[in-house]
Amino acid sequence: MPSSDNSLPSFDKSTQPSRAVYKPPVYYQVTIGLLKPLYRMQVWRRSHKRDNYQQEVEQRFGKRYPAPPVPDTNIKSNANANENANYKDSNGKKVIWCHAVSLGETNTVAPLLDALLAKGYQIWLTNTTQTGFARGASRFADDIAQGRLSHSYVPVDSPAVIETFLAHVQPVAAMFVETELWANILTKLSEHDIPSILVNGRLSAASFKSYQKIGAVSASMMKNLNLIIAQDNESAKRFRQLGAHSAQIRVAGSLKWVINTPKLNDDNGAKEAEIVNDGAYLDLDLGVTGRPIWVAASTHSGEEKTVLSWQQQIISHPLLADTLLIIVPRHPERFDEVAELIKKSGLTMTRRSDEDAISPNTQVYLADSMGELMRWYALADVALVGGSLVDIGGHNPVEPASVATPVLMGSYTQSCQSVVDKLASVGALYQPNNAFYSAIGTDEQLSQQQKIATNPPSSDDDSLLYQQLQFWLSHLELAKQAGQAGAEMMEQQQAVLHRQLSMIEDVIQQYAKPPFSPELNPELNQDVNQDVNQEGV
């Protein structure tokens, strides 16, 4: 429903932290104003044939929004209810706006949003891309239906539109996932004393260079952020170089480690699983027991051709002739394109969308469905995670690791390199020329893997990956051990969710109370400085 009041409610600034507002340079504001009608045209070109086009335009340009979320009366008050009272309205609302650009960011932040919902917060989730919006709608369908979470496209970075959006949502805080930041949005949040938090912050070398090119804009954004929760030390240092102050930055690890971990049941040596995916229990008995299975997941253009070539080589080995390949393209609009590639390869295909059973003759199973990726990871003996054979940056290897499936990734893993290195260090993930890789097996088997890992530099990545794939499919017990090492690593990393959650609540509490002062809270101030100094930020 449309917002009936385009002005923001009055905030009692006497109870809010006092801090300067950093406006972006005039040239940025002028540019945004000039680009606004062009962006609307771009939205029309991209989306006007979709059923939800009108909804997208209205939400991006501040014309109409869903109803705000309402408190969940079924959630019991926690011990801090009295302390929280001064940032609730009379109806007990405490809405957190969370912006996740696309599918990957939505999946990454989902467990954190679950935790906030469980604590009695309400969520307003925004996305930029159609893929991200679809994922948000499906992942939080129950919360949307019950009114605890509202969902829309992100407003354009125009001051007037942002004012309308904030007046309607009335958030107690705003969270931005990983990297995407907008200068006018952060300025408006700062003007209205709404704390802004970058969660799971990651700044690659390439992104850092891009932000440096608009140094004045970047500096205003860094200074307007109240808290930057960085994934790693390198990202933290880059945020500081862009203009953030050390006291704003904490290093807490990556939320990519945190997912809704499926349950594995391993009875009588057979790998069968019943997993929770979007709240539904999925039966993995597809009649493929006893067959070696590998999955190529979240693949992009150029990757399917490579994996189909590998599958042709794999099944040419007598002991691996019944190996099954499952292909899961990243984007649904490519499903038919990938089906044509499989047909041209000469391999026998079954499509998930046809609902046909996998026969003993099926060599490739095209998983052309949405929301079932964890199903295929749990079923497979080995997983190739896509976006890594081509220059995309690599998708999240934690998902297969969480179901004890060993992982293969190409060299393009800049989006998740720290996670890749950790999994490689325990032998759960193989990446060509990764210095952290530590193989698992007997002396003889380790010798075979060492030969793969130390091939001459002239050996291309595809050749090395294929050799490791063949090795694991030929030694399923070793593949299982490698996968289990990844699952154990996952368990060790789960604390990152609680760390980030605690930091977010600390900021909300600071804005709900009198202005922060070292004299009033010396212990917290000491902790912040200690964390920053220890991390070398």
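Two residues are in contact when heavy atoms of theirs lie within 4.5 Å. Helices (H or I, at least four residues) and strands (E, at least two) are DSSP runs, numbered from the N terminus. This is a predicted model, in which local features need pLDDT of at least 70 and side-chain atom pairs count only at pLDDT 80 or more, while totals for chains, interfaces and linings use all residues. Residues are numbered from 1 along each chain as its sequence is written, and side-chain values use heavy atoms, with hydrogens and water left out.

Start with helix α12, which covers residues 303-314. Its 12 residues reach 17 Å from the first C-alpha to the last, close to the 16 Å expected at 1.5 Å a residue; the expected span is 1.5 Å times one less than the number of residues. The buried residues of α12 (under 20% relative accessible area, with a 1.4 Å probe and protein chains only) are E303, E304, T306, V307, L308, W310, Q311 and I314. Their cover includes the strands β11 (293-299), β12 (324-329), β14 (364-366) and β15 (382-385), together with the helices α13 (335-345) and α18 (461-474).

Two packed helices are described by the angle between their axes and the distance between the axes. For α12 and α13 the angle is about 30 degrees and the axes are 10 Å apart. Axes here are lines fitted to C-alpha atoms, for helices over the stretch in contact, and angles run from 0 to 180 degrees between N-to-C directions. On the α12 side E304, L308 and Q312 take part, and they meet V338, L341, I342 and S345 in α13. The residues of this contact divide into four nonpolar, two polar and one charged. Ala, Val, Leu, Ile, Met, Phe, Trp, Tyr, Cys and Pro count as nonpolar, Asp, Glu, Lys and Arg as charged, and the others, Gly among them, as polar.

Helix α18, part of the cover of α12, also holds D461. At 22% relative accessibility, D461 counts as partly exposed, a class that lies between buried and exposed, the latter being over 50%. D461 touches S411, P432 and N433, not counting residues up to four places away in sequence. S411 and D461 are 50 residues apart in sequence, yet their C-alpha atoms are 7.4 Å apart in space.

Elsewhere, Y65, W97, W124, F165 and F176 form one aromatic cluster. W124 and F165 are both buried.

Methods:
Rings of Phe, Tyr and Trp (its six-membered ring) pair if their centres lie within 6.5 Å; planes under 30 degrees apart count as stacked, over 60 as edge-to-face and the rest as tilted.
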